[in-house]
Each structure stands twice: as C-alpha cells, then as structure tokens.
Amino acid sequence: MEFAYTRSTGPVVGAFLTGLRDRKVLGAKDSTGRTVVPPPEYDASSAAPIEASTLVEVGQEGTVTSWSWNPVPRLGNPFDVPFAWALVRLDGADTSLLHALDAPRDTITTGMRVKVRWAAETVGFINDIACFEPVAS
Amino acid sequence: MRDVAIVSFAQHASRREESRNEIEILLPVVREALAPTGLTSQDMGFTISGSSDYLAGQAFAFVQALDAVGPWPPISESHVEMDGAFALYEAWVRLQHGDIDTALVYCFGKSSPGDVARVLSLQLEPYVLGPLWPDAVSLAALQARALLDAGQVTEKDLARVVARSRRNALGNPYAQLRGEYDEASLLEEPLYADPLRMHDCPPVSDGAAVMVLAAGDRARELSEHPVWIRGIDHRIDIQAPGSRDLTTSPSTRLAGQKAGVTKDIDIAELHAPFSHQELILTDALGLDETTTTINPSGGALASNPVMVAGLVRIGEAAMRLQAGEGHRAVAHATSGPLLQQNLVCVLEGQS
C-alpha cells in the first residue's frame, strides 16, 4: 500500500528541478559565499531563506570527490546492475551532488573528471540527470 | 536542573527474530527492566517509545506496541520516530518539569523482515536524493572513501575497529557477532561496497531495550547504584551528504562540549554502525583510546537493532558504571544518514 502524496517542491528546489528540465544545473550562493548544488531552501549557516532569484548556473562537468560501489542494485536505483555512486563537485560549485556514475569499477578514481548524461526526455525531476559519465580524455 | 538517573535497564539479545513480533519481543524486556524497581508501568509518571513505522511497514505501528506496557487505565505517553536514545532525551526534559519523578523509556525494531539498507533510504531528503534510492551501505561507503582519501585513516584502522568490536562482544551475551579475528586476515576479505568490506557493515538485528529513569531522591530510593545523567545534548548537521565534510562530525563535537565531555572518561559507548564512523566519533569527542575503553560491548558493529542500538549504548555504559567498571562514561547515539544527528550524554556512577 502507498500513500499518494502530492508535494510542492518550493521556490528553490522547484527552480532547481525546472532547471534540470531545461538541461541546466543551478546552485545557490549561501551566506558564506559557497555555491551550493543542489541548492537548499534555507541557508545552512544563517537559516535565512535562499532567494530563488540568486540562483546561478554551474557547469555540467565536474570532479569526483568520493565514490562507492553498489554491489546490490535496488528498485528505484538509476541502474539495475551493480554500479558506482559518486559525489561530484560540478565546475563552479563548492559542494557535491550525489548520483550514479556509469563507468567500469576499475577505472573510477577520486578526482576523475565526469559530466552529466541527460535523460532522453527531461521532465523536471532528479532523474533528468540519467547519471554521470567519464569525460573522454 | 533536576538530577536524573538511570535506575534500571534491560535489553533483548539481538538476532534475526523469525517468529516473534515486536510486542512479543518487548514484553519480557519491559518486565525485566521494571523488576528491580518494584514498580509497574502504571506507576510511571511518563512513558515514551522510540521506533519506526517504516520498519514495521505499517502506519502507527508504535500504537500497537503500547500493549507491551499496558496503556489501560490511560497513561501519560509519547513517541518519537527515532532511536530510543532520543526518546530518553524527551523523558529527561519531561522530568525537568518537576511534577513527576519516574519515566519509562522503551524502543524496539525488527529490521530483518525487509531490506533495511533500502528502507533507510526513506529518511533521505525526498526531492533530489531520495528518488535515487541510495541505500545506507552505499552511502556509508562514500563516507569511508572520503575518510580514506583524506589520509586520516587507513584500511588497517578499519580492520582494527572491527577486530576489537568482535573481541569485546565475546563478553556481551546480547551481541550478535563475536569472535577473535586478526586484522591481517580481515583485510584479506574481498571488498563488498568498495571501499567497505562486509565486516565493516553492521549485522541485521531485531531487538528491544527498556530503561527506567528517576529524578533526585526517588532515584536513590529505587536503586542502590543509580547512574546519573550529568549532561545530555543533541545536535544536527546539514542534511545533504554532499554539502558537508563527511570526514568530520561537527554536531558530535558540539554535543560533546555541551554535554560536558572531558578527558577523564573511563568508558565510551559510541553508536557507529560502520567501522569508519567510530573513528570519526572518537576524534569528534576528543577521546583517547589509551585512557578510555571504547565500545566494551562491541558496539553497533556487533549488533545493530535499528531504533534500539542508540539507547543500548547509553544502557551499556550505565550498567558498566553500575558494576563499578568506571566512574564516568560517555554514551552517543546517532540518527539520520551518515551521522547527521548526534546525541551525547555524560554519565556518572556513585562516587
């Protein structure tokens, strides 16, 4: 049994998801000067609301800051075979976004360069990013 | 502030429970905790539980568990959708009101019927993280990698934590995983959720724990050796795992300072379900393993009943002080993904 809740995503997360629909990744400038991706609704230091008008676009390439291997894919995961999760700091951002990374396990390293692979159809959801993939060297 | 003490504690021996339901697991533990006090659940000024409906797979499952304490005639009770340690915090605050002198804290959880690593995805931020369903082991592995990459710890340090946990658990009849293991052979095991090995992850445990608290003179009446809660504090870090430094735990550090953690700690029970997390917590609390005994019970690596393992840390520390194994202890409980929330309390036995 499931409860079919409808959620309002709010002015900042909503704008981030709309950005994904348009194949852009947005971040928020927080009170410490960091560009936070994904952007939160509230500033982690000052607790002040983040203004959606201050969102900035960041790069679609970035650097792996940590990764792990998921040996047991679960229902709802981006892949249905064992795959890697990665925290990726996109160019222009100061924080990392978590998503799947489509690369052979023995090629993955912290610090490797990756880029967003967009889904065939984007609808304003986190899965508009299908995964990250290595930047061809 | 009123002085509040732990006067009694009981726990279920963790294992996968195939036949008994939550109430059947809980009932004998409630009786065992109440027995030394001579009180009944009807005598309690306040009763509170910690559990998760997501483990039971049923809304308001905690209401049914009240049958284990007997809520009729009506009792004053509350519930937190968190580990029992956080229920203890609410009971401590309630006792500060001054109009009641006793409280019963209980918690329970059956992790084994489902895929607990996936169930824990439900606690994640629901818009940009939750829809990817990253499981708890994969997330922990990201944190372990960050720690290894930073050069703060080595794989050998992780193996040392696991070997000590299982060795200490040999003396703990409630633990699930115990035995003598040497670090070198642990490191020969294959990687599971790279960089974690299977033994860096907690077992799947079902369990329950129950504690009786009392204030001031009432505590001295109920127990010859009450264990006093000298400080307690709960702090929270940023929710998004990618927006904070996963190699440190600022909330544990702050909670430790507020709770009054000092250098003269004899025993520390730390709620670290994954081996690397114990190293983060030890550092955040400024504990020195040469003077403080870390996780003498074996900790959450030896048995990890979800929603219970945090209160068990406090109970284990208290029972060791009661037995005279030390004078001052620190107990820690965590909640949320990757040590996001942390509760620290400082305990003292009779001097």
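1. Start at the loop of chain B between helix 5 (116-119) and helix 6 (136-149), where you'll find W133(B). This is a predicted model, and in it the phi of W133(B) comes out near 55 degrees, a positive value in a residue that isn't glycine.

2. Look for F60(B) in the loop between helix 2 (53-56) and helix 3 of chain B. Buried or exposed? F60(B) has 56% relative accessibility, so it counts as exposed.

3. Next, the peptide bonds. W72(B) and P73(B) are joined by a cis bond, with omega at about -5 degrees. P73(B) sits in the loop that runs from helix 3 (61-65) to strand 3 (77-80) of chain B. There's also a cis bond between D194(B) and P195(B), where omega is about 15 degrees; P195(B) belongs to the loop between strand 5 (191-193) and strand 6 (196-197) of chain B. Why point these out, along with the phi values? Most residues other than glycine have a negative phi, and most peptide bonds are trans.

4. Now for a helix pair. Helix 7 (residues 155-169) and helix 11 (residues 275-284) of chain B pack with their axes 8 Å apart, at an angle of about 95 degrees. That makes helix 7 and helix 11 of chain B roughly perpendicular to each other. Helix 7 of chain B brings D157(B), L158(B), R160(B), V161(B), V162(B) and R164(B) to the contact, while helix 11 of chain B brings S275(B), H276(B), E278(B) and L279(B). Sorted by class, the residues in this contact between helix 7 and helix 11 of chain B are four nonpolar, four charged and two polar.

5. What does G84(B) touch, leaving aside neighbours within four places in sequence? Its contacts are G50(B), V105(B), C107(B), M307(B) and L311(B).

6. Finally, zoom out. Chain B has twelve helices and twelve strands, and 62% of its 351 residues count as buried. A compact globule with 351 residues would have a radius of gyration near 20 Å, so the 19 Å of chain B agrees. Among contacts in chain B with a separation of 6 or more, 79% come from residues 24 or more positions apart.

Note on methods: Residues numbered from 1 in each chain as written. Chains lettered and ligands numbered in written order. Predicted model: local features only at pLDDT ≥ 70, side-chain atom pairs only at ≥ 80, totals over all residues. Heavy atoms only, no water. Contact = heavy atoms within 4.5 Å. Axes fitted to C-alpha atoms, helices over the stretch in contact; angles between N-to-C directions. Helix = DSSP H or I, 4+ residues; strand = E, 2+ residues; numbered from the N terminus. Parallel < 35°, antiparallel > 145°, perpendicular 65-115°, else oblique. Nonpolar A, V, L, I, M, F, W, Y, C, P; charged D, E, K, R; others polar. Rg over C-alpha atoms; globule rule 2.2 N^0.38 Å. Buried < 20%, exposed > 50% of the residue type's maximum accessible area, 1.4 Å probe, protein only.
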